[in-house]
Amino acid sequence: MFDNNYLNALVLIAGLVVGFLGAHLIIRLIKHRLHEKKDAGWIQTLTRITRPLTFLAALLVLLSIQPLMDTGKKLPFDLQHLYTLLTIFLVTWLIINAIRSIRSILLRRYNLDTKDNLKARKMHTQLRVFERILIAMVLVIAIGIALMSFDKIHKLGVSLLASAGIAGIIIGFAAQKSIGLILAGFQIAITQPIRLEDVVIVENEWGWIEEITLTYVVVRIWDKRRLILPITYFIEKPFQNWTRTTAEILGTVFIYVDYRFPVDKMREALTEILEDTDLWDGQVNVLQVTGANERTLELRALVSAVDSPTAWDLRVLVREKLVEFVQKNYPEYLPQTRVLFPEQTNNPEQVQTEHREEKS
């Protein structure tokens, strides 16, 4: 005769095997049908939830065969409570994977690698923030349900119910900053002052929004550094967002020349430079005299590109080519230092000195 414990163990093992094999077989059949329909989104979703779904199916089989188990001899643990905790854990795991899968399916149509990716960045930002919020809420609810399944904690909670108002006020003050961060995350997800891959200037640093979480934002600086800022920073402090309404951006290049320099010739040269490169989007091509002092003229070239990295490359190219144009065609009008001695002037007592520095 088998001992009751051995018999229970055999029933448990048999239930687990039947549950795992049955769930695995059903999932394989569903995947096969989805492969025939070439539905990559649902295949990815099913792959994500395969493990928690398999374990949950095995647990349901165990619950269904529990009446067959001989529990006359008291077990060293509460089997029913163990089933409850496992069910909470597996359902939570399943819901979290389902949330992530839904987010992936919704974002399949929005590619961040395209040039005009404004709508894609908007959707990626909203869905990722909402995903983290939902997962956090699911975890809090699951932990609460699991704790309330313990009799001692449940009785303690009932006894403290009368003082819940005071406790809530104390917890509210203690968690004021954390709650503020979460609310700021909601606000950013809805109003979107920033989105993923937005080009921003924060704390005098130029970079891209790389990650948005419930509590902080990661900014990828142009030199590969990472700037970590609390999410409330983008609600409470001013910052520059170069791609708020569109990925297109203007770039400026400054050139300093002598007063005698023919500006129209540089306008023609700028047009030739832009028409000869794929970096220019064909929208803005302007050269203006934006400054004049006792030494030099300040010329500003204003050009446009489809996005900020392309605009940076275009500015570098235009600056290099314009300087080369002046060097080759009008070297006498480059910024330079000149000294006029008294005998070279009409007034022997006058000395004129001009200091000019090349700027770009």
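In which order do the strands of the open sheet of three strands stand? The order is β6-β8-β7, with antiparallel pairing. This is a predicted model: local features need pLDDT of at least 70, side-chain atom pairs count only at pLDDT 80 or more, and totals for chains, interfaces and linings use all residues. Residues are numbered from 1 along each chain as its sequence is written, and side-chain values use heavy atoms, with hydrogens and water left out.

Some terms come first. Helices (H or I, at least four residues) and strands (E, at least two) are DSSP runs, numbered from the N terminus. Two strands pair if DSSP finds at least two bridges between them.

β6 (249–257) and β7 stand at the edges. Each has a single partner strand, so one side of each is left without a neighbour in the sheet. Neighbouring strands are turned by 25 degrees against each other on average, direction ignored. Such angles run from 0 to 180 degrees between N-to-C directions, and axes are lines fitted to C-alpha atoms, for helices over the stretch in contact.

A hairpin of four residues joins β7 to β8. Within the pair, Ala292 stands opposite Leu297 of β8. Val286 has Leu302 in β8 as its bridge partner.

**The five-stranded sheet**

Another open sheet has five strands in the order β4-β3-β2-β1-β5, again with antiparallel pairing. Its edges are β4 (226–230) and β5 (240–241), each with a single partner strand, so one side of each lacks a neighbour in the sheet. Val217 has Leu229 in β4 as its bridge partner. The hairpin of β3 and β4 has four residues between the strands, and Lys224 there takes a positive phi near 80 degrees.

| Pair | Residues given | Bridges |
|---|---|---|
| β7 and β8 | β7 285–292, β8 297–305 | seven bridges |
| β3 and β4 | β3 216–221 | five bridges |

Helix α9 (residues 263–275) and helix α10 (residues 308–329) have axes that come within 10 Å and cross at roughly 135 degrees. The two are therefore oblique to each other. (Angles under 35 degrees count as roughly parallel, over 145 as roughly antiparallel, 65 to 115 as roughly perpendicular and the rest as oblique.)

Contact means heavy atoms within 4.5 Å. Residues of α9 including Met266, Leu270 and Ile273 meet residues of α10, among them Leu314, Val318 and Phe325. By class, this contact has 10 nonpolar, no polar and two charged residues. (Ala, Val, Leu, Ile, Met, Phe, Trp, Tyr, Cys and Pro count as nonpolar, Asp, Glu, Lys and Arg as charged, and the others, Gly among them, as polar.)

α9 lies across β6, β7 and β8, running at about 145 degrees to β7. α10 lies across β6 and β8, running at about 20 degrees to β6.

**Salt bridges**

The whole structure has 11 salt bridges. A salt bridge is a side-chain nitrogen of Lys or Arg within 4 Å of a carboxyl oxygen of Asp or Glu. One of them joins Glu131 and Arg100, with the closest N and O atoms 3.9 Å apart. Glu131 lies in helix α4 (residues 118–148) and Arg100 in helix α3 (residues 79–107), so the pair ties together parts that are 31 residues apart in sequence.
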